[in-house]
Amino acid sequence: MSALIIYVLYRELKMLEMLQMGKYGAYVWSSYGLALFVMGYVAIKPLMDKKLIFKELMMKYRREAHQLSSKKQEQEQGQS
Amino acid sequence: MKSIWKSVMKFIYHFASPKHFYRISGKLIPWFGWLAAMLLIAGSIDGLFFAPVDYQQGDSYRIIFIHVPAAWMSMFVYMVMATAGAIGMIWKIKLADVVASSSAPIGAAFTFLALVTGSIWGKPMWGAWWVWDARLTSELILLFLYLGFMALEAAIEDPRAAARACAILAIVGVINIPIIHYSVEWWNTLHQGATVTKFDKPSIHISMLIPLLLMALGFKLYYVAVVLVRARNKVLYTEQNNSWVKEIVKAGG
């Protein structure tokens, strides 16, 4: 049991050591974090835009179909 | 000879047709996307945890695995943008204009990353966030060129005129690319010289070169995936009155 605790603590210390990157942790991790954020945003934004485009075009097509059918109705009423 | 050229042009015009481009790019994007993700994860883990510590810079040099690929991409994407703009102007292929316009924000993002990670790296190593040395200054000008491209496109109403103006801007700005590359040779710079992109064996250890190349390839595939997504959106929107678009939108994907 105590061996397990010692092992886990040792792993944690190694982890902390790695995260510190010598004394440059702040510089290294902020660079990688910024890269992740910027590249994530640049990749995800067009995927979100695609959904918006589909919505907008769908509404436009519905409106056009509606206008077309109401025009047809007017024509038929005009003839009768 | 003339008929070979004719059939090549027919091939290009066929795939440059918006409808075919939309269909084919839809199939390609997941491949490029997932491959890019895997390469970027593998490269980052290798670079952060497995590449050896530098005897001069310690662990801070690990920023290189973001900084250098981003800088390479900032230049590569600009060349794609300028070439696509030229093709669009010369052969009046609308898809080329779409690719140029779709590339600009991605290139700007890479340039921004290269500049900022370089600055973050420079602070502990050089003691300065910024110096007006040739490499840094010309890369900053590259960022202004990208932003100029995007601003010019937004400022001109007619899409064809906008594409033409932006293409000219991109082409004129190409001169900046060899300036960036050779700046460390031509001038007395603080930024270090070329270790990989030169006509000689790379002067970097293989254990550091591998994560660098993994990240470089990952960034490239990422660019292709993202530019295709953006281009598809533009194509769909511009061609919205065409029946093939109506079919796709009504089908939901």
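**Where the chains touch**

Modeller: The contact takes 24 residues from chain A and 30 residues from chain B, where two residues are in contact if their C-beta atoms, placed from the backbone, lie within 7 Å. On the side of chain A that touches chain B, α2(A) gives the most, with 20 residues. By class, that side of chain A has 19 nonpolar, three polar and two charged residues. (Ala, Val, Leu, Ile, Met, Phe, Trp, Tyr, Cys and Pro count as nonpolar, Asp, Glu, Lys and Arg as charged, and the others, Gly among them, as polar.)

Before we zoom in, a quick word on the model: it is predicted, so local features need pLDDT of at least 70 and side-chain atom pairs count only at pLDDT 80 or more, while totals for chains, interfaces and linings use all residues. Residues are numbered from 1 along each chain as its sequence is written, and chains are lettered from A and ligands numbered from 1 in the order in which they are written.

Now for one pair of helices. Helix α2 (residues 25-79) of chain A packs with helix α4 (residues 94-126) of chain B at an angle of about 175°, their axes 10 Å apart. Helices here are DSSP runs (H or I, at least four residues), numbered from the N terminus. Axes are lines fitted to C-alpha atoms over the stretch in contact, and angles run from 0 to 180 degrees between N-to-C directions. α2(A) and α4(B) are therefore roughly antiparallel to each other, the word for angles over 145 degrees. Among the residues that meet are A:Tyr27, A:Leu34 and A:Val38 in α2(A), and B:Phe112, B:Val116 and B:Trp121 in α4(B). By class, this contact has 14 nonpolar, three polar and one charged residues.

Let's stay with α4(B). Of its 33 residues, 25 are buried, so α4(B) is largely enclosed by the rest of the structure; buried means that 20 or more other C-beta atoms lie within 10 Å of a residue's own. α4(B) also bends by about 30° at B:Ala104, and a proline, B:Pro105, follows within four residues. That bend is the angle between axes fitted to the seven residues ending there and the seven starting there.

B:Tyr223 is buried, with 23 other C-beta atoms within 10 Å.

Technical notes: Helices (H or I, at least four residues) and strands (E, at least two) are DSSP runs, numbered from the N terminus. Angles under 35 degrees count as roughly parallel, over 145 as roughly antiparallel, 65 to 115 as roughly perpendicular and the rest as oblique. A residue is buried if 20 or more other C-beta atoms lie within 10 Å of its own, exposed if 12 or fewer, and partly exposed in between; C-beta atoms are placed from the backbone.
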